[in-house]
Amino acid sequence: ECVAGVLVGHPFDTVKVRLQVQSVEKPQYRGTLHCFQSIIKQESVLGLYKGLGSPLMGLTFINALVFGVQGNTLRALGQDSPLNQFLAGAAAGAIQCVICCPMELAKTRLQLQDAGPARTYKGSLDCLAQIYRREGLRGVNRGMVSTLLRETPSFGVYFLTYDVMTRAMGCEPHDHLLVPKLLLAGGTSGITSWLSTYPMDVVKSRLQADGLQGAQRYHGIIDCMRQSYQAEGWRVFTRGLASTLLRAFPVNAATFATVTVVLTYTRGNEASAAPAGPALAQPSSL
């Protein structure tokens, strides 16, 4: 299910990244639809799947980390309350950045590179190897602070929204409307988690893409925010949002519903005490 989610969602992610980092002086794309059309026309459908290998490789590790950390943190906190759901989600979000940040750096670089013989990187591992050779560990972890600032609160919001919604709708294992309810809760969780930290995602993409074409422009998060705001105003921090939300609802809906149903049935009645098992998470890469 998570692989299917990545395959469905990746083209939207490519469009999001292209829109987030395009030059204000010479914009290539007029909007989400124009960006989709341009990529297909210039690079074929495969252009939308640039950088796909990176999230596919990192997915298993990230989901295992998020699952484990969220579940263990919730148990350690002792009580399944909305606040603890937020804290457990935030802890999971922070810890998975160790994998998520280099993975997204490779994904972003591949999504932005030219097609054909002019390309710089042959794939995700080649991309990270080249960055490591040039810049060491610091280069591979570029954008780590902005990734942490995005993932920590957004995962908290993600798990909190899902918990609140499944409780409010009374999601019980034998409810014949269980799957539609879980789809709604999962999709809504994906959207709220993205909305909660989206401006930081724009900053992260710009920092990770910085230096790809010419000299580096930004000296850090604050400088990137200042320069971006001065050039384009506050709307710069919503660039690519439409594409992101179009992807977030169906992908997170399917992911949450599948995992919760599987967990509920594999655990039997043990899981029915809680309205929903821990979610598959990963709003950013799914």
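Visitor: At what angle do the axes of H8 and H9 cross?
Guide: This is a predicted model, where local features need pLDDT of at least 70, side-chain atom pairs count only at pLDDT 80 or more, and totals for chains, interfaces and linings use all residues. Residues are numbered from 1 along each chain as its sequence is written, and side-chain values use heavy atoms, with hydrogens and water left out. Axes are lines fitted to C-alpha atoms, for helices over the stretch in contact, with angles from 0 to 180 degrees between N-to-C directions. The H8 and H9 axes come within 10 Å, and they cross at roughly 105°.

Visitor: How are H8 and H9 set relative to each other?
Guide: Angles under 35 degrees count as roughly parallel, over 145 as roughly antiparallel, 65 to 115 as roughly perpendicular and the rest as oblique. With a crossing of roughly 105°, H8 and H9 are therefore roughly perpendicular.

Visitor: Which residues in H9 does H8 meet?
Guide: Contact means heavy atoms within 4.5 Å. From H8 come Met200, Val203, Arg206 and Leu207, and in H9 they meet Ile221, Cys224, Met225, Ser228 and Glu232.

Visitor: How do H3 and H5 lie relative to each other?
Guide: Helix H3 covers residues 53-77, and its axis is 10 Å from that of H5, at an angle of about 165°. That makes the pair roughly antiparallel.

Visitor: Which residues of H5 make the contact with H3?
Guide: On the H3 side you'll find Ser54, Pro55, Gly58, Phe61, Ile62 and Leu65. Their partners in H5 are Ile99, Cys100, Met103, Ala106 and Lys107.

Visitor: And how are H5 and H7 set relative to each other?
Guide: H5 spans residues 97-112 and H7 spans residues 144-168; they pack at about 120°, with axes 10 Å apart. H5 and H7 are therefore oblique.

Visitor: How much space lies in the largest pocket?
Guide: On a 1 Å grid over the protein atoms alone, a pocket is an open set of points where a 1.4 Å probe fits, with protein on both sides within 12 Å along at least five of seven lines; lining residues have an atom within 4 Å of a point. Here 31 residues line the largest pocket, with Val21, Gln22, Ser23, Gln28 and Gln213 nearest its centre. Its space comes to about 710 Å³.

Visitor: Which helix gives the most to that lining?
Guide: H1, H2, H8 and H9 each supply at least two residues. With four residues, the one giving the most is H9.

How values were computed:
Points joined across faces, edges and corners; volume = space filled by probe spheres on them.
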